[in-house]
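I opened this notebook to record what I looked up in the structure, entry by entry.

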Amino acid sequence: MNVKNEVLVRAYIVLGMLLLFGVAIFTKAAKISIAQGEHWRSLGDSLYVDMRPVDAQRGNILAADGSLLATSLPFFEIRMDLKTPRESDFMENLDSLAHCLSTYVNNSYTHGGMRQYLMDQRQRGNRYLLIKKKATLIETERIKRFPLFNLGKYRGGLIVERKSERKRPFGILGHRSIGYVREGANPVGLEGAFDKVLTGKQGLQAMQRIAANTWIPLNDLTEIEPHDG
């Protein structure tokens, strides 16, 4: 009986330990999926890399004499990944960067206000802070030389995205004939009739997802170059 009781006690102890181990695993899983779910999902988003399409430059429409009827003018959207710079680089360049941004980019902020704004956004982990929405090539090159930004994308956190805007030098003259292509509307005029030719062929570039619908390029070179329209 003593031997039998000893075996039963040992069996109960092992069973109890297994039950405790199972409860611990269940508790940890619940904590990760519920309490910390948003954190781990956002981390997963930030680690997701994919080949994303890059739009080509839309082609021009010319009159018989060679004058432009429709063209695409390039501009740049400049943003900043505030999680990229090291603490030492960020603090060393913070004052001078705040001065440049408040003086040359957004004078609605004072030097001190811009400095505090950048610090607040860094604490929030903002990886896609808008610096300037429609910057010209000259403005973009100047911003690239700002303190911290001049360390490059991988140390300074600068993100430069090339975009384009369709312009008609003659305004509303021949508006229907030149036409347009808009999402959710039937194509009109020359823009609509020759949309496939004007659009060109998309390229591919490696990009990283930093939010649900926000992708940033991993490098300045496309894997497959787009062919302009």
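**Entry 1: the core.** I noted at the outset that this is a predicted model. I looked up the largest nonpolar core and found that it has 20 residues. Those with the most contacts inside this core are Met80, Leu97, Leu101, Leu118, Ile131, Phe146 and Phe149. I then asked which elements give two or more residues to the core. They are strands β3 (68–80) and β4 (129–135), together with helices α3 and α4. The most comes from α3, which gives six residues. As general background, I recorded that nonpolar side chains tend to be buried together in soluble globular proteins.

**Entry 2: α3 against α4.** I next examined how these two helices pack. Helix α3 spans residues 87–105 and helix α4 spans residues 111–123. I read an angle of about 140° between them, and their axes are 8 Å apart. Angles over 145 degrees would count as roughly antiparallel, and α3 and α4 are therefore oblique to each other. The crossing of α3 past α4 is right-handed.

I also listed the residues that meet. On the α3 side they are Glu87, Phe90, Met91, Leu94, Asp95, Leu97, Ala98, His99, Leu101 and Ser102. On the α4 side they are His111, Met114, Arg115, Leu118, Met119 and Arg122. By class, the residues of this contact divide into nine nonpolar, three polar and four charged.

**Entry 3: Leu118.** I returned to Leu118, one of the core residues with the most contacts. Leaving aside residues up to four places away in sequence, Leu118 touches Leu82, Phe90, Leu94, Leu97, Ala98, Leu101 and Leu129.

**Entry 4: Cys100.** I located Cys100 in helix α3. Is Cys100 buried or exposed? Its relative accessibility is 12%, so Cys100 counts as buried, the cut-off being under 20%. Beyond residues up to four places away in sequence, Cys100 touches Val105, Phe146 and Pro147. I also looked up Ile143, which is 43 residues from Cys100 along the chain; their C-alpha atoms are separated by 8.5 Å.

**Entry 5: Pro226.** Finally I looked up Pro226, which lies in the segment after β7 (214–217). Which residues does Pro226 touch, not counting residues up to four places away in sequence? They are Val54, Asp55, Ala56, Lys201, Gln202 and Gly203. I recorded as well that Pro226 and Gln57 are 169 residues apart in sequence, while their C-alpha atoms are 8.1 Å apart in space.

Conventions. Residues numbered from 1 in each chain as written. Predicted model: local features only at pLDDT ≥ 70, side-chain atom pairs only at ≥ 80, totals over all residues. Heavy atoms only, no water. Axes fitted to C-alpha atoms, helices over the stretch in contact; angles between N-to-C directions. Helix = DSSP H or I, 4+ residues; strand = E, 2+ residues; numbered from the N terminus. Parallel < 35°, antiparallel > 145°, perpendicular 65-115°, else oblique. Left-handed = near helix turned anticlockwise from the far one by under 90°. Contact = heavy atoms within 4.5 Å. Nonpolar A, V, L, I, M, F, W, Y, C, P; charged D, E, K, R; others polar. Buried < 20%, exposed > 50% of the residue type's maximum accessible area, 1.4 Å probe, protein only. Core = buried A, V, L, I, M, F, W, Y, C linked by side-chain atoms within 4.5 Å.
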